[in-house]
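Hello,

Here is the structure I promised to pass on to you.

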Amino acid sequence: MPGVTDSALLEREELRATAVRALRDARQGGGGLLVIEGPAGIGKSSLLADLRGAAGAGQQVRSARASELEGGFAFGVVRQLLEGAARDAALAERAFEGPAAAARECFSDVTSEHSEGFALLHALYWMVLNLAEVAPLVLVVDDLHWCDGSSLRFLAYLARRLEGTDVLLAVGTRPITPDNPEAQLLGSFLDDPAAAHLYPQALSREASQALLAAQFGRPVHPTFAAACFEATSGNPLMLRQLARSLEADGTAPSAANAAEIRRTAHRALSRTILARIGRCSARAIELARTVAVMQPSGVQEAMAMLPALAPDAFSSAWRELAQADVLRADEPQFVHALVRDAVYFDLPVPTREEMHLEAARALEGIGAPIERIASQLGLAPRRGDAWVASTARSAGEAALRRGAPDAAALHLRRALAEPIDDAERTPVLTMLADALTSIDAAAAIEVYGELEARLADDPDALVRAKLGLGQVLALTDRWTEASRVMREVQAELPSDAADLIATLEANRAMMAVFGADDPEIFERMAAYHELPEEPLPGEQLRAGMASLLWACQRGSAEECATLASRSLREDPAFLRDNLLAAVGPLYVLGLADRAEGLELWQRALDYARERGSLLLHLGVTVWLGITQHRRGDLTAAIPGLLEWETNSPQWGAGRGALMFGGASLTLAYLDAGDPERAREVSDRGFLDDGPPLQRTFATIAWWYARSWLLVAESRFEEALAATETLAAQSAWLGTPIGFDWHLPQAIALARLDRRDEAIAAAHAGVGRAERWGAPGATGPAYRIRGEVLGPAEGLPDLDRAITVLEGSSARLQLVRSLLLRGTFRRHQGDVTGARADLERTFELANQCGSPGLAERARAELAASGVRRVAVDAFGPDALTPSERRVADLAAEGRTNRQIAQELFVTPKTVEVHLSAAYRKLGIDGRRELASALVPA
């Protein structure tokens, strides 16, 4: 007869084997994410407990259990997981080495400085890696569906960076429900394609009978077992709890009692649990109710709320509840959330609320963290208690300093629920708006609305509030509303506020580019093509946006880039409050192939990391990725664009922003030779999710990417239709550089044997590119016209394309031009010339990180009689910029971990770049790097 412990894992052999494999892989550098998902009571906790027990020798295990009451405790689950290491004097020094030092803030009950998202997430990530250096690490989180938002963001950040580490993250969760406040983040976390998923199922009739037999300690009649199975649908927890209640009632597991089971099957699980608890002593019942309110609690916390209960009596009551399978034997927590719910929801609402207030005061008495105290106050009665309001506000401020806006919003809303002093309400609303801007745009807009009404007598504060509101509206695709708010602010400003007016006009211009109905601002921007000798910051910002609109309205690369360059300030901190408008001039520099554009974006990214702002970090990342792509560094561009795509929904990016990022990633995948992934990104439903987006830069970018994707898939009729839509979408902006619809249209027409039309479209594309004048525009236009004309007539255009692209930053366009010219030369019988072009194509494609283009070059070389292996060693010039940066640091003596820390990447990324560098340099390891990096 199996014991109760064994019966908890009946019919779980395959699931256990998968979990054990994950443990083994994590010990050998195969870290990853293991997700156990299923309804309440199905056995997730038992599998996680078994996983903890199966951890191998030397494999450290750290566990946490999320709770409904912990949503307002910033990084509550993270603290459960890692606080033991943070408090261990012998381990803490190692845990907080290097960039992990900033994670100390997370474990301090006193916060002094503002810690924004990215910096803290990155520090916690390195803390985990530092601990894994001590011994392979297993992190176990149960009840993830109740995880506080700040911890969930970290776990999602960590999960995507576990490849190649000695860390296994194992989580148990119920299926996501729409009412879960973290449903979107949970969904993206659990849908990680690299995760291993386990789905425990209900027990079979046979397994249910075995579990019942183990519980009763004797054979169970099949008829009785069948009745229990039908009553519980084979849910293991419900079966065990039902059996415990029947056993306590003295009900024998006989056929005669099966009818009684069927008659009482309608009773809820909670009634069987409450009946069993009701047989316990009065002090045990009081302890059960206290723990239900205080959950999760330790001995000290539970005793603090029961001061009249002596330690011996407390221990006796705890032991009694453990024997009744209500509380765990190792700590005063319920054996399962369903058991806790039965006790908690049996309490009358007024009683529950009063107990939560008592719990908060008891926690204050033992010096508990203020956010734990405030979490209790969230469920306490509302009756104008000044202590409640003050405590909730302080907890909100602390959560903001910790970089946990979701917890901050919860506490600040609680403070506002009390009838606090009117003078106090405005600063609390201001903090709440700041918190909500990162997590709930709709709620932030509502709070800004109340702030507007309250700030009528404070013009400066009112302007700041409206600027904040405009930014949130813009991020959620409400561009016209955002522009209206900016115009309202501008109308209220005195004429001597010239710099602020210029800042507002710059933001209005960007909002108009992305869809705001504000035609007046386009006309005004034409007046700002010149800057005074000593411009004010707002004037610089406005001139930068003027350079973008000028580029779209027949300006040249030289004049537009000169204005853009002058408009940008040297300090990358300038982007912090002006990211939306500062994008314009930086984008123009990229379109004009100016090197300073990439340098400024890189400096801005370094600043964002230093500052720690997740919002700023992501905003810079996507535009840096676009710039890196244009410059032919796909190995750096694609990870950056992927980071944007994964994380931007966390702070409420609107559909337009997501569409623009998706278009950029689609084009990058096409250049990498991966049309399948490009198709996957393009099919994300950007067009179907909501009303049509019109007159916006985002739709122009999306239709441009879609046109090229359809060409790559040889769906030429559809591609032609897409280019026509692109032309219509572009008309309002003029001639947006970088998205010329003539180019994909020319290829589609040529493939459909509509040669004359194709040539006309290609001529139009060349004319537009020549007006702009940058190599990154003229080179592709010449190449496409040459492709349309064909081998007999198109070689002069290909020669011209290669001439203008040589030495420019548009390396991928040079690769494509060389590939096409090599192909044409081979068809024309010029084998020597073809081989020269294709050899260069192969080398440059590998250097740019485009295996697709490299493979096409290899195939063409093979057709010309030259055999190439997939990857050749070509020397220092063959390294991508990312590989070169890593190799240089390694040659200076940095370890992989030090390089990863310096470049803000994972150790696995460093390993991949170094391996590629070794192959291309033809060396075996680090000792040869320094000499191999010197050009021959």
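D593 counts as buried because its relative accessibility is 16%, which is under the 20% cut-off. This residue sits in the loop between α30 (575-591) and α31 (595-611), and its phi is near 60°, a positive value in a residue other than glycine. Most residues other than glycine have a negative phi. S233 also has a phi near 60°, and its place is in the loop between α10 (222-232) and α11 (236-249). Is S233 buried or exposed? With a relative accessible area of 54%, S233 is exposed.

Before you go further, please keep in mind that this is a predicted model. The mean pLDDT of the chain is 86, and 92% of the residues reach 70 or more. Please take care with residues 1-5, where pLDDT stays under 50; for that stretch the model has seven contacts beyond four places in sequence.

Now to helix α18. Buried in α18 are R352, M355, H356, L357, A359, A360, A362 and L363. What do the buried residues of α18 pack against? Their partners are α14 (282-294), α15 (299-304), α17 (337-344), α19 (370-377) and α20 (386-402). Just after α18 comes G367, with a positive phi of about 75°.

Helix α20 also holds L400, which counts as buried because its relative accessibility is 11%. L400 and A74 are 326 residues apart in sequence, yet their C-alpha atoms are 9.0 Å apart in space.

Helix α4 covers residues 76-87; its 12 residues should span 16 Å at 1.5 Å a residue, and the end C-alpha atoms are 15 Å apart, which agrees. In α4 the buried residues are G76, V77, V78, R79, L81, L82, A85 and A86.

Last, a pair of helices. The axes of α35 (residues 675-682) and α36 (residues 697-712) come within 11 Å and cross at roughly 145°, and the crossing is left-handed. On the α35 side, P675, A678, R679 and S682 make the contact; α36 brings W702, R706, L709 and L710. By type, the residues of this contact divide into five nonpolar, one polar and two charged.

Best wishes

Technical notes: Residues numbered from 1 in each chain as written. Predicted model: local features only at pLDDT ≥ 70, side-chain atom pairs only at ≥ 80, totals over all residues. Heavy atoms only, no water. Buried < 20%, exposed > 50% of the residue type's maximum accessible area, 1.4 Å probe, protein only. Helix = DSSP H or I, 4+ residues; strand = E, 2+ residues; numbered from the N terminus. Contact = heavy atoms within 4.5 Å. pLDDT = per-residue confidence, 0-100. Expected span 1.5 Å × (residues − 1). Axes fitted to C-alpha atoms, helices over the stretch in contact; angles between N-to-C directions. Left-handed = near helix turned anticlockwise from the far one by under 90°. Nonpolar A, V, L, I, M, F, W, Y, C, P; charged D, E, K, R; others polar.
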